[in-house]
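Hello,

Here is the structure I promised to pass on to you. Please open it first, and then read my notes below.

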Amino acid sequence: MTPSSIFMFIILLASIAFIVVHQRSLAISKNKRQKLHSLPRHYGYFAATCALLPGIFVLAIWLVFSSSTLDGIIINQLSTHMTIETDVQAQLLINRVKMVMDTATQLETDPNVIAAASEYLRLEGMGRYATLFFALGLGCLGMGYAYLKTGVEFRARNKFEKILMIILAFCSGIAIFTTLGIVLSLLFESIRFFKEVPLYDFLTGLQWSPQTALRGDQVASSGSFGAVPLFAGTLMISLIAMTVAVPVGLLAAIYMTQYASKRLRKITKPILEILAGVPTVVYGFFAALVIAPAFKDFGDLIGLPIDSHSALAAGFVMGIMIIPFISSLSDDAITAVPQSLKDGSMALGATKSETIKKVIIPAALPGIIGAILLAVSRAIGETMIVVMAAGMQANLTANPMESVTTVTVQIVKLLTGDQEFDSAKTLSAFALGLVLFVATLFLNILAQRTVRKYREAYD
Amino acid sequence: MNALNPTEVKNMLDLEKNTKMTVEGLNVFYGDTHAVKDVSLNLRKDEVTALIGPSGCGKSTFLRCLNRMNDTVDSCRVEGMIKLDGQNIYDKNIDVVQLRARVGMVFQKPNPFPKSIYDNVAYGPRIHGLAETSADLDEIVATSLEKAGLWVEVKDRLESSGTSLSGGQQQRLCIARAIAVSPEVILMDEPCSALDPIATAKVEQLIETLRGKYAIAIVTHSMQQAARISQKTAFFHMGTLIEQGETSAIFTAPAEEKTRDYITGRFG
Amino acid sequence: MNALNPTEVKNMLDLEKNTKMTVEGLNVFYGDTHAVKDVSLNLRKDEVTALIGPSGCGKSTFLRCLNRMNDTVDSCRVEGMIKLDGQNIYDKNIDVVQLRARVGMVFQKPNPFPKSIYDNVAYGPRIHGLAETSADLDEIVATSLEKAGLWVEVKDRLESSGTSLSGGQQQRLCIARAIAVSPEVILMDEPCSALDPIATAKVEQLIETLRGKYAIAIVTHSMQQAARISQKTAFFHMGTLIEQGETSAIFTAPAEEKTRDYITGRFG
Amino acid sequence: QTRDQIRIVGSSTVFPFATAVAEEFGRSGSFKTPIVESTGSGGGLKLFCSGVGLSHPDITNASRRIKSTEVALCAKNGVTDVTEVKIGFDGIVLANAKGAHQFKLSLKDIYLALAKEVPAPGTQGGTSNLIANPYITWDQINAELPNVKIKVMGPPPTSGTRDAFNELAIEAGCKAFAGNAALKKSDKALYKQKCRSIREDGAYVEEGENDNLIVQKLQADTDVLGVFGFSFLDQNSDSVQGSLIAKKGTDFKEPTFENISSGAYPVSRSLFFYVKKKHVGVVPGIAEYLAAFTNEDAWGDEGYLTDRGLIPLPESERRVIAKNTKMLVNLSLK
Amino acid sequence: MNIDRDLKPTDWTDPKIVARIKSRYNKERRFKIYGFSAMAAASIFLFVLIGTIGANGISGLFQTYIKLDVTFEQSRFNNISQSASNEEITSAVQTASYRTLLRNAVYAKFPDVKNRRDKRRLAALISPGARTKLKEYVQDNPSVIGTTQTLWLLASDDIDQLQKGAIDAAKPESDRRVKDIELTWVAQLEKEKAIQIQFHKDFFTNGDSRDPENVGILGAVMGTIFTLTVTLLLAFPVGLFAAIYLEEFAPQNKFTDFIEININNLAAVPSIVFGLLGLAVFLGTFNLPRSAPLVGGLTLALMTLPTIIISSRAAIKAVPPSIRDAAFGLGASRAQVVFHHVVPLAMPGILTGTIIGMAQALGETAPLLMIGMVAFIVDIPGSAMDAATALPVQVFIWANSPERLFIEKTSAAILILLLFLISMNAVAIWLRNKFEKQW
Ligand SMILES: Nc1ncnc2c1ncn2[C@@H]1O[C@H](COP(=O)(O)OP(=O)(O)OP(=O)(O)O)[C@@H](O)[C@H]1O
Ligand SMILES: Nc1ncnc2c1ncn2[C@@H]1O[C@H](COP(=O)(O)OP(=O)(O)OP(=O)(O)O)[C@@H](O)[C@H]1O
Ligand SMILES: [Mg+2]
Ligand SMILES: [Mg+2]
């Protein structure tokens, strides 16, 4: 009796409930020669729901609480045979018990453990039957309720639809939970971080070197958490990316919407879509493998010292990544400009490019600006390209040929190296995440405002 | 062949002199749709010509051929001859930019640019380089707005956006914008259909004052309007020009059955 | 007070008996827009009532109140009393679903579901559980299509999509669909405005045959159409019911200046 | 949850060896292949010592010995029975790109180049004589070295390589000055602090814990020296070269397999891993994994780990350790 | 209305104006060229990207193999006889040292090599992965025990790189990883036609490995499949329901607005922040196992949810109101209108949005790094609870490995990833085109 078979039973009961109540409502409508409020199947649906929901609820409770309860019981029993002092010991014992249960391993020699394993199996089996019993029992009650309710007056469809609606509403509430989860998970850790490193120092410090000593006897760098070099690096790379992406993306969008023939559009649109679909880790690999060395070689050729992990290379590739993003959003903004404005300009004898430059672009400008803002927020949050192609070392510089690091790189670096949940080093990753979240949130809200404005202008 | 008498000749010459645009055997296709079928029609400098007919009969299409606005529709193919002052406008060496400046157009829905009123009117003169100095430009803008009967209403708010005006004002602004490049012909495609009765009346009045200075062609759905403002009327049906003539004649004694049915509301 | 004479009483009772819907002091608001202002009007079982008036005057809004279609518009607020067979349809314990089955509606643009012709017609009976067996359902579909004058044209292709029909056929399909739930009232909002003259004629003919079986209210832009098919006409202007009465009376001797102006094409 | 898969964390230096054994172990069939994460020695020990139980790793690799403080941390969290397995040697090399100048350095040179504070020129160190490191180019330290800016990329403090480097190179160089040596006797804590601190003015660049990246960056910038384990040099011998290092004077030794194994190369260290005894028999396969690691096929003179750059222990030592490992002898720090 | 002023008619033959028109046309042409170049540039980027990766990736699907005579001495298999029981055979096959078998085979091929160091080199010609193959081979054919078989065995990565030309034999010996003596061996093998580049199908069936020649993509593919399945099972129904609710049922109020703002913002929150969320919530609070596709799937589901909701809403919105009116007019309840008409009609759009969201999730790496899906994992995961990596993470891991051959392997993995992506996008485009003009 596995949880999934319990689930199947519950489903079965729900089906039965549907059939029974459906039949009953059919019978009622026949006997009384009176019209039911809802269709027979609505009564069926309602009954099925009444049978299903309590069953699912019981099963969920079992799934959530069973293992801790059973573990406790088994430990209790085992403690009569052996000394179990700590929770940890208990946990390890349970693992041994479960290994015996799952794999019937021959390695286990302790008879107590083997006995406990069979006991565990027995209890678990009992628990599952109890679950099944309660699930089906409550389900039957639900079905009975629905059965009794079935009648001419009862508005089964409305009731059923109401339940449906609650489920739908709950689903849309998940977005809120997610945001809440993000904010809370970032905030808690960040607050702990800011207890050690003052917020002001974090936001204005010019020195970033988070590698603090882990133990007392270790002599390491003193650790400083001034995030300005990270912000500067992030901004520089984003700026380079935008310098590549905005003109190319915008011009491409203009060409696609205003000049390209249908056939050309048919070819190029998928190209841009593929470009948009390429995972960023691939761009990162491409940057590290092709672009960065190429830039460096080019620098050597003309006598410019370009770092092998220059901001330029990372920014350039990020720019490529963002081109389709900008072009598709600008495309939308441009096509949203009503044809009548274009006609108005053309009818005055303006050439196409004059129309585009003087009428279409200004009219689409809010949308385009919104697109650019969204693209910036994307660039700021982009991770893999910079992890693979930008530097690791915080470096406060204005020279794009040097290597700089970004907020996201540092988050990855801090969290994939060491994992401990109390040092300032690890916590600083969450603080950086919070900064990132707030920054992109701000940009998004701004972008949405601008975009909404131009939508209003034409709707 | 009989000899012509002097008055007749004078009339014909007069006609010739006053004819601004001539259309001969015009056929227009959108892909496979034959939207305008073998239409011939003249526009005279001193008259307002109204184009009427049920929806989809090709009025707009016809109108948009006169300044080659149909060039912007990919699938559109135009056959036949359209002459502006005797020159075929579909000639290869005709400059579309110049043509459209000479043949202005006003659309069904007022479509001011989302710029200031001033910039709306100045747009045409600027792109064509019609004003040497900014004083010239001011002058052009003022005159155009005045001609469009909008000057008094907007002279104190030239900087506010064209879209902030009311519908009727917007339509007159569009007319001013067309006038600003000193066109010779003005085409109007249902210029009043999006306006309320009062604004409609103002625009009709404006058309009346413009008559004589520009050759005007106007598409309208309202027979009443056609009767009020036009001197010539052309009735289209399913792409064909069924009948044309003096407005008064068409509305009182149409030659064709279809025309009569239409203007008495039998169909459409 | 004078005593009523028997014929008068009989007439009044007759009137009472034949009145299907009564509207009293109806006011409708969309947010701040007051779209329908204090309108009172009766629909009779044995008549076609035409609602005319210039665009935006509130005809559609009025019509959509009669089967509470306006409930689907969030911003819409309805005040006043609408009774169907003496029962207020805006009453709390009225079931909208049932109401809409009793008061059917046909829209301006034919809107068949993108399903088969059969399913289009069968949809209403299915959701209301009107047919016990599939033979019943077949019967309902066939009868409805026949009543809508479409049976002959589609009986061999009931499985093809409703959208594959011509515009006129689609509109008649929509009427059949409405009939299939055996409504008592049918509301039509410019049912012919998207149709060509021939299709229009067919639909008008159909309305003629339906008259007497259903109370019918029809919104139309064409005065000719109103004159052709309706027995009562109501003229709306800017949300107000200006005038109502026998169609023949309204079109020959309107009591109000506005009505006269409108039907003679002075505005609109 | 139950766990039927060994979880290993720890040093990036030991990572290639641990993964190689893990893969072999998985290949041999009866158990799942262990999951190995590279977290650095310090981070690994911290995770390892954070508790007993299935959410904590079973084994941690370290490129240095566990410290008494770490043992204490372990004990505090109930991780009391730990078995230490020494697996071999690794040399720490200072390397730069092939084709650039090959450095010959004494430990003293390294100390002078990289310590936070160094004795003022002409003095023998001691607290009073220590000044902030003034050297900018190598030839300022030693005229025989090239006139190249001092720039060294090395691992961060979490790495065992860094610990060992501090101890074996910097501290050893530091001790060479009489004043500093005297300090050791008078104030041990201060001595440690002075002799093991690395400069933070940009000459020493911390480069994450992934040694591979350093190798790549050296190729890109030929003026830079990198600090990493011998196995990485061995893997990348076609693109980087190790500097010669002398314990004293000019007795320069190249970092080679033989020199490290024999102890002639001064900056070499032992590699370890640590096993949580309480997990043995709970998580299946730990004992077998240990056996696989301490098998001659793996860590022997001709074992496959030598192909990956591990420098084996002397055979006699191996025999003892293998035996102890089998018996899960408790760690004792002496 | 008074019109006393008149505009002066434009003289279109004025040379100034003629010149101006000419220059305007030139500008027009230039502008068009800019636009075209921008589009061409974007296309060129794509081709360079795919070209570079494709060139490397294709060769990553091939490996060098060496032909050797392997003697399966009975003594190495516990001296079992032909008549041994199945269990005996299995255990003998299980415990035999294939390493020694292989070694002896290579030594036999080059009997002249005596030096210890060279012998080690010799043994290193063959990849350790060959052992697994050999074992499987014996498992499948126990009858070979006691015989000598000629087999093609996987060569090590250095030899492979040499054969593929990535190692330049002309360089001085100290500058290359393959030494002179190995070159002579390879030359001899070549003469005997005993070395060959073959299609390496193990790449599709192996898990990760330390040896680049031996790595396979299956572990990552399975990890991705489990992850995406979890994502899809969660994100699709929840996203669809949320979209339906917001578009069709939600009252217009502050709360709904708040949900909407939330969704729009979530759509643009950097993916790494979702990784932090997963780390803190799923690993930290719910104590779900590290590195598990379940956690990855949950995290990615939260990440793709906004995409799915937004595109589903757009699709639902695009269903013409006339359809809704028709159904309402017949007396359908709101739920009936939605589930009978609106959702089926919007389904192509919803599916398109879902596929695009899933494609996004497929390519996502950063959040997975945060929840420990970056580790050395050899075993092919068998469920969503087993430790696993995913395709893009595997790309990241391999891209950061020093061995040369990993560049090819990374590229090959990327090709597979792109294949998945492009086919998903193609389905989305097809769906969109097929159902675009329905009404
Ligand atoms: N861009 C186009 N592509 C294809 N067909 C078109 C296009 N524009 C118009 N048509 C078709 O050409 C025919 C004539 O259209 P046109 O717009 O000229 O009619 P109209 O008389 O202006 O109608 P209305 O009174 O509705 O404006 C119609 O059948 C229409 O469908
Ligand atoms: N959903 C809505 N929200 C807000 N205002 C509306 C809405 N629907 C209609 N209105 C407004 O209510 C008024 C009456 O509109 P209604 O559609 O009833 O006019 P109508 O007489 O049917 O016009 P037409 O002949 O163009 O169909 C108009 O001013 C219109 O702008
Ligand atoms: Mg038109
Ligand atoms: Mg209406």
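A polar contact is a pair of N or O atoms within 3.5 Å; within protein, one atom must be able to donate a hydrogen and the other to accept it, and residues adjacent in sequence count only if both atoms are side-chain atoms. With that in mind, look at ligand 2: one of its oxygen atoms is 3.0 Å from an N or O atom in the side chain of K59(C). An oxygen atom of ligand 2 also lies 3.2 Å from a backbone N or O atom of C57(C), and an oxygen atom of the ligand is 3.4 Å from a side-chain N or O atom of E190(C). On its own, ligand 2 exposes 630 Å², of which the protein buries 63% (accessible areas come from the Shrake-Rupley method with a 1.4 Å probe; for residues, only the protein chains shown count as cover).

Before going on, a word on the source. This is a predicted model, in which local features need pLDDT of at least 70 and side-chain atom pairs count only at pLDDT 80 or more, while totals for chains, interfaces and linings use all residues. Residues are numbered from 1 along each chain as its sequence is written, chains are lettered from A and ligands numbered from 1 in the order in which they are written, and side-chain values use heavy atoms, leaving out hydrogens and water.

Next, ligand 1. The residues around it (those with a heavy atom within 4 Å) include Y30(B), K59(B), V73(B) and H221(B).

Now to chain D, where an open sheet of three strands has the order 5-12-13, with mixed pairing. Strands are DSSP E runs of at least two residues, helices are H or I runs of at least four, and both are numbered from the N terminus; two strands pair if DSSP finds at least two bridges between them. Strand 5 (104-106) and strand 13 (252-253) of chain D are at the edges with a single partner strand each, so one side of each has no neighbour in the sheet. Strand 12 (residues 244-246) and strand 13 of chain D run antiparallel, joined by two bridges; I245(D) has K253(D) as its bridge partner.

Finally, the chains: among the eight pairs in contact (heavy atoms within 4.5 Å), chains A and E share the most contacts.

Best wishes
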